[in-house]
2 protein chains.
Amino acid sequence: MDATRFFSILGHPVRLRALVLLQREGELCVCELTHALGLLQPVVSRHLALLREAGLVDAHREGQWMHYRLAPGLPSWQREVLEQTATALGGQEPYVSDAALLGEMPNRPGSRCCA
Amino acid sequence: MDATRFFSILGHPVRLRALVLLQREGELCVCELTHALGLLQPVVSRHLALLREAGLVDAHREGQWMHYRLAPGLPSWQREVLEQTATALGGQEPYVSDAALLGEMPNRPGSRCCA
DNA sequence: GTGATATATACTGTCAAGCGTATATACGTC
DNA sequence: GACGTATATACGCTTGACAGTATATATCAC
């Protein structure tokens, strides 16, 4: 994936918010992202598919849940850009609220406790 | 300017190439950018106008020439992203050729010698 | 098998980005 | 003033991204 594509992918609010959340949390399933972002499920799913096809995130199934995380094989400069961005934006809206909504979410599947 | 807008601006090849060149060279006029990028003048001019309106670059006139440079007042995380990106991409195509074409350009206005 | 939940995809319409072309504006020289 | 060069902008067009809705697929419980 070339750099232009990388940036154009970050240039959409839903994807950027999802990536910042993933950077923060490590791994999240679609329903967690849908809840935290406050969006319809197909919207989130489509953007995640795009991120997956671009190689920015990895997905694996765990029961009914698809878990997404930042792709470990990402070029280092891209990972650094994501880290810097998440750090710089983490304290602002809407990223704060996203994280808060995630924290308040009931019945989170939880990759560790009930997989 | 929010982060999404910032990234969507980087997500266009012409703008990214122009920004990498500006990061490298410090300051360039429109005709230098047009020559280095190998594009029609209105294309370059429109993208520069967009970068200017977004606050990513500053412009000042010097005689007939408009000189552009990265905006000094850029948020530090954005400047760092640009630096990292330019460093990571500087050795690849098309950024190498852009810089080469610029170097080979005859009759460069030159901000220092003939302003 | 049926039904419930989680996720992905297909379809359709809308909207905005971008390009090529032509033209306008600004500056310098005469 | 006229003319040439550098740059900016306006116009018309095309194309692709995205959303909402509906539907398909996968997994689990029974």
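Contact here means heavy atoms within 4.5 Å. On that rule, 17 residues of chain A meet 17 residues of chain B. The model is a predicted one, in which local features need pLDDT of at least 70, side-chain atom pairs count only at pLDDT 80 or more, and totals for chains, interfaces and linings use all residues. Residues are numbered from 1 along each chain as its sequence is written, chains are lettered from A in the order in which they are written, and side-chain values use heavy atoms, with hydrogens and water left out.

Now for the interface itself. Chains A and B bury about 1400 Å² between them, with 70% of it on carbon and sulfur atoms; buried area is the accessible area (1.4 Å probe) that two parts lose on being put together, summed over both. On the chain A side, T4(A), F7(A) and Q84(A) supply 39% of the area buried against chain B, more than any other three residues.

Inside chain A, helix 2 and helix 5 pack at an angle of about 95 degrees, their axes 10 Å apart. That makes the two helices roughly perpendicular (65 to 115 degrees). Axes are lines fitted to C-alpha atoms over the stretch in contact, and angles run from 0 to 180 degrees between N-to-C directions. Helices are DSSP runs (H or I, at least four residues), numbered from the N terminus. Helix 2 of chain A brings L16(A), L19(A), V20(A) and Q23(A) to this contact, while helix 5 of chain A brings L82(A), E83(A), T85(A), A86(A) and L89(A).

Key. Parallel < 35°, antiparallel > 145°, perpendicular 65-115°, else oblique.
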